[in-house]
Amino acid sequence: MALFLKLAELAEQLAGDAGRLKKRAAIAEAIAAVHGAASESEDTGLFALYLAGTPFAEADSRKLNAGGALLSKALLAVSGATDPELTAAYRRHGDLGAAAFDLLEHSRPGSSSGSRPGETHVRESGHGAPRVEARLTLEEVAAAFAAMAAAGTTAIRARLVEGLLRRASPLEAKYLLKLMLGDMRIGVKQSLVEEAIAVAASVPVEEVRHAVMLEADLAAAVKRAFAGTLAEARMRLFHPLGFMLASPVTSPEEAVERFTEKGAESAGVSVEAFLEDKYDGMRAQVHCGDPEQHGRVAIYSRNREDVTASFPELEEAFASVQQPLIFDGEILGWEFATARALPFAVLAQRIGRKRVPNEVRQQIPVVFMAFDLMCANEELLLELPLRERRNRLESAVERLVEAVRSPLTIDERTRGAQGVMFAEPEGVGMERLMLSPSRLVESADDIERAYAEARARSNEGVMLKAAASFYQPGRRGLAWVKLKRELATLDVVVTGAEFGHGKRAGILSDYTFAVRGEGGELLNVGKAYSGLTDAEIAGMSAWMMEHTLEDQGYFRTVEPLMVLEVAFNNIMRSSRHASGFALRFPRIIRIRSDKPVSEIDTVERVEEIYQSQVDKPVEGHA
Ligand code: AMP
């Protein structure tokens with residue numbers, strides 16, 4: 001029966017420790033201790049899961065559905081603090097968990113964050129009578145999380161959160177809130193927890209990582225590590241794998257350089273590389289063909305969200321697949337008459353929709369352009385060279401293309417509560433699976449030509465992928481490069497918003513945004529208000545009202561969840577923002593709801609762009 005306090009104390013210690021090795025040793029020791037005390041229980045798994053800042057295993061699709069607004073309200077109710085007190089505490093730390101610690105320390109004289117594990121702790125019940133409660137166990141936290149995920153209303157969820165917070169010491173409350181927000185901010189990523197598991201159970205870390213990748217369940221991996229059954233982990237469909245990403249290059253020559261081994265002839269590409277168009281759609285992974293869950297299809301976006309409901313045509317079409325497969329590719333708005341992709345802005349109207357009526361199906365048809373095969377049957381293909389994966393992809397698509405179809409519109413009355421789960425008879429409906437054309441590239445001229453052709457097809461540019469490369473999930477490696485010529489843009493996260501003027505009065509329309517600093521912290525880098533449509537701004541404003549962390553009147557800080565792509569004329573050094581840089585004439589290119597916050601650009605990238613400028617402006621001297 002492990003205590004949540006143990007976890008909170010370790011987290012607090014780790015937040016103060018800088019060294020990775022020291023952190024790993026401390027985590028390993030704690031995991032071994034929890035396992036030693038209760039090897040049969042779920043505690044060790046929960047301990048690892050929570051330390052990584054995840055309330056549920058990745059393979060588990062449950063969500064807490066508790067954002068900053070709900071948690072702040074619960075905190076106000078439990079601490080008895082006023083709104084301005086919460087605002088002030090939040091402003092001191094920029095973190096709800098840390099703010100909770102301050103408020104609860106004050107509201108509970110005598111309650112000490114350092115009370116020893118195992119102690120019961122005495123609290124005022126609110127009516128003067130002291131109440132004695134046992135400390136929160138990990139199992140109780142897990143039970144509360146399960147109830148939150150299953151709760152039908154916000155009120156029920158709020159009561160559950162209050163219930164947890166009322167029983168928590170200030171230190172426990174601090175880490176409960178951070179955990180519920182999915183970010184512990186203690187410099188511990190899942191990969192470090194995996195390493196610590198390996199140390200604690202004396203097994204190779206690669207085996208732990210492999211099992212986590214196959215089953216997407218850190219808690220299960222801990223169990224397996226101690227039981228010696230890591231090798232028995234099998235690929236499970238229906239949890240997203242990490243996407244491999246590309247590094248940017250700005251010219252065909254630079255691309256050739258990347259793919260030319262040192263000392264090789266400078267004119268040609270000595271490392272074999274495939275070239276394909278870079279599509280401007282939505283990156284997605286399609287899971288289908290599980291023989292035990294006939295007809296089940298899941299589509300995951302790059303931020304690992306299940307977006308299947310937004311693309312019912314693809315769900316219907318892939319339901320016919322009979323063999324377990326995971327495709328990587330791009331969802332594109334598609335004009336069947338000309339066999340061309342629709343602009344991203346058109347497809348964007350479908351992103352985030354939960355229900356897709358026939359008009360939308362008809363006006364913005366979608367297809368899936370496959371460019372990689374990640375898993376076939378139970379075999380994970382990531383460690384095969386691209387050349388081999390491509391062969392398998394081609395034969396899979398060839399076999400399936402005729403069957404993976406669905407009609408342009410459907411009789412909506414046939415669509416039951418469960419959605420349509422039927423396969424089309426062959427030859428009926430539109431083909432929804434396409435194979436991204438790919439060929440080996442020969443020279444810089446060849447790339448230049450391909451780039452022009454791709455642009456003529458309204459695609460964004462070209463991608464080059466080393467034929468011998470493995471699929472590296474979640475990595476932006478050098479094995480894939482993307483060539484697009486537009487000025488550099490940055491992917492940033494909105495941290496605050498200001499009310500606009502004139503016709504935008506009362507609407508949060510000016511956004512302050514941040515990149516990520518070296519320690520993972522968010523550092524503001526600019527402010528922009530132009531580039532979005534009125535409808536998008538209205539949507540953003542409503543969202544921000546819901547996700548406000550701190551209301552300062554004309555300005556609100558918001559939960560850092562909304563990713564934007566911004567363009568700018570140049571970058572200057574500036575003391576105006578925490579990053580030490582400011583963007584000149586920033587404008588929003590688009591809302592990147594497909595991009596997770598973990599993938600926004602870094603201050604290092606800002607520095608790189610800054611350094612690449614011929615004139616390096618400094619604010620006041622520019
Ligand atoms: P970026 O969004 O600029 O980081 O570029 C990487 C994105 O390019 C990926 O997430 C994909 O959505 C997209 N992409 C478009 N076409 C391809 C392709 N043929 N291969 C791989 N990624 C592609």
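Helices (H or I, at least four residues) and strands (E, at least two) are DSSP runs here, numbered from the N terminus.

Before I go on, the housekeeping. This is a predicted model, where local features need pLDDT of at least 70 and side-chain atom pairs count only at pLDDT 80 or more, while totals for chains, interfaces and linings use all residues. Residues are numbered from 1 along each chain as its sequence is written, and side-chain values use heavy atoms, with hydrogens and water left out.

Back to Arg 504. Its side chain makes a polar contact with the side chain of Asp 534, at 3.3 Å. By polar contact I mean a pair of N or O atoms within 3.5 Å; within protein, one must be able to donate a hydrogen and the other to accept it, and residues adjacent in sequence count only if both atoms are side-chain atoms. Leaving aside neighbours within four places in sequence, Arg 504 is in contact with Ser 509, Tyr 529, Leu 532, Asp 534 and Ile 537. Contact, for us, is heavy atoms within 4.5 Å.

Now the whole thing. The protein has 622 residues, and 54% of them count as buried. Buried is under 20% relative accessible area, exposed is over 50%, and partly exposed is in between (1.4 Å probe, protein chains only). There are 20 helices and 25 strands. If you take contacts between residues at least 6 apart in sequence, 69% join residues at least 24 apart. The protein exposes about 27700 Å², and carbon and sulfur atoms supply 51% of that. Accessible areas come from Shrake-Rupley with a 1.4 Å probe; for residues, only the protein chains shown count as cover.

On to the ligand. Which residues come nearest? Of the 16 residues around the ligand, those are Glu 276, Arg 302, Glu 330, Lys 465 and Lys 482. Near means that one of the residue's heavy atoms lies within 4 Å. The shell divides into 4 nonpolar residues, no polar ones and 12 charged. In that count Ala, Val, Leu, Ile, Met, Phe, Trp, Tyr, Cys and Pro are nonpolar, Asp, Glu, Lys and Arg are charged, and the others, Gly among them, are polar.

For distances, a polar side-chain atom of Lys 482 is 2.6 Å from an oxygen atom of the ligand. Lys 278 also puts a polar side-chain atom 3.2 Å from a ligand oxygen, and for Arg 283 an N or O atom of the side chain is 3.2 Å from an oxygen of the ligand. On its own the ligand has 490 Å² of accessible area, and the protein covers 95% of that.

You'll find Arg 302 in the loop between β6 (297–301) and α14 (312–318). Is Arg 302 buried or exposed? Its relative accessible area is 11%, so Arg 302 counts as buried. Its side chain joins that of Glu 599 in a polar contact of 3.0 Å. Not counting residues up to four places away in sequence, Arg 302 touches several others, including Arg 283, Arg 476 and Arg 592.

Pairing takes at least two DSSP bridges between two strands. β4 and β15 pair antiparallel over 6 bridges, with Asp 277 opposite Val 462 in β15.

Another strand to look at is β9 (residues 366–376), where 11 of 11 residues are buried. Strand β7 (residues 325–335) pairs with β9 in the antiparallel sense over 9 bridges, and Ile 326 stands opposite Cys 375 there. With β13 (residues 433–435), β9 runs parallel, over 3 bridges. β9 and β10 form a hairpin with 2 residues between them, and Asn 377 in the turn has a positive phi of about 55°.

Last, a helix. All 11 of the 11 residues in α9 (residues 170–180) are buried, so α9 is largely enclosed by the rest of the structure. Its cover includes α1 (4–16), α3 (43–51), α4 (68–79), α6 (96–107), α7 (138–150) and α8 (154–167). After α9 comes Gly 182, with a positive phi near 80°.
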